[in-house]
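Subject: Handing over a structure

Dear colleague,

I am passing this structure on to you, and my notes on what was found in it follow below. Please read them with the sequence and the model open beside you.

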Amino acid sequence: MTDIEELLLSRIRDVADYPEPGVMFKDITPLLADPAAFTALTDALAQVAERTNATKVVGLEARGFILGAPVAVRAGLGFIPVRKAGKLPGATLSQAYDLEYGSAEIEVHAEDLTGADRVLVVDDVLATGGTAEASLQLIRRAGAEPAGVAVLMELGFLGGRARLEPSLAGAPLESLLKV
């Protein structure tokens, strides 16, 4: 295990039976409260943005905003929020996707992405991959190219990586931690 993995893991708190019995929630708020850990996380994700030649960073609502915005600033890139449906004013592109129990929809401002953009999607956790997959579809529909997906933590047992592989079309999926 690397030093950064040890640092990040040491600042993630397990909360049993949240939000429902049987779930072990990974709480990243202690990591965000520690300036050294948050800086290390931001630097590591900014390096992914640089390696993938991204021109923009998309952050997925809501924790992806917290992580993606400082990554964009650190890498000298623009930041684009991908929001839940109905939260953005003006013209948007939307993408519906299935959840374990039901469906959801996300949106982006279409004019914020162009055909010249390579977009890195940033989020805190990759679980089943539904939101990340929908964001990649949105990026393509806006005319931009996905540069990859970067997450703090991948919950491998939920199969998100396998679900994302076709949508990534060869772009990398980088997770700093795998649990």
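**Backbone points in the loops**

Ala169 is exposed, with a relative accessible area of 61% (buried means under 20% relative accessible area, exposed over 50% and partly exposed in between, with a 1.4 Å probe and protein chains only). This is a predicted model, in which local features need pLDDT of at least 70 and side-chain atom pairs count only at pLDDT 80 or more, while totals for chains, interfaces and linings use all residues. Residues are numbered from 1 along each chain as its sequence is written, and side-chain values use heavy atoms, with hydrogens and water left out.

Although Ala169 is not a glycine, its phi is positive, at about 50°, and the residue sits in the loop between helix H6 (160-168) and strand E9 (173-178); helices (H or I, at least four residues) and strands (E, at least two) are DSSP runs, numbered from the N terminus. Asp17, which is not a glycine either, has a positive phi of about 60° and belongs to the loop between E1 and E2, where its relative accessibility of 49% makes it partly exposed.

The loop between strand E1 (13-16) and strand E2 (24-27) also holds Pro19, which is joined to Tyr18 by a cis peptide bond with omega of about 5°. A cis peptide bond is likewise found between Glu61 and Ala62, with omega of about 0°, and Ala62 is placed in the loop between strand E3 (56-60) and H4.

**How the helices pack**

Two packed helices are described by the angle between their axes and the distance between the axes. Here the axes are lines fitted to C-alpha atoms, for helices over the stretch in contact, and the angles run from 0 to 180 degrees between N-to-C directions.

Helix H1 (residues 3-10) packs against helix H3 (residues 35-51) at an angle of about 130°, and their axes are 10 Å apart. H1 is therefore oblique to H3, given that angles under 35 degrees count as roughly parallel, over 145 as roughly antiparallel, 65 to 115 as roughly perpendicular and the rest as oblique. On the H1 side the contact (heavy atoms within 4.5 Å) is made by Ile4, Leu7 and Leu8, and on the H3 side by Ala36, Ala37, Ala40, Leu41 and Ala44. Sorted by class, this contact of H1 with H3 has eight nonpolar, no polar and no charged residues, where Ala, Val, Leu, Ile, Met, Phe, Trp, Tyr, Cys and Pro count as nonpolar, Asp, Glu, Lys and Arg as charged, and the others, Gly among them, as polar.

H3 also meets helix H4 (residues 63-75), their axes coming within 8 Å and crossing at roughly 65°. Among the H3 residues in this contact are Phe38, Leu41 and Asp43, and those of H4 include Ile66, Pro70 and Arg74. By class, the contact of H3 with H4 has 10 nonpolar, two polar and three charged residues.

**Helix H5 and Glu133**

The buried residues of H5 include Gly130, Ala132, Leu136 and Ile139, and the helix is followed by Gly143, whose phi is positive, near 95°. Glu133, which lies in helix H5, is buried as well, with a relative accessible area of 17%. Leaving aside residues up to four places away in sequence, Glu133 touches Arg163, Leu164 and Ser167. The C-alpha atoms of Glu133 and Leu168 are separated by 8.2 Å, the two residues being 35 residues apart along the chain.

With kind regards
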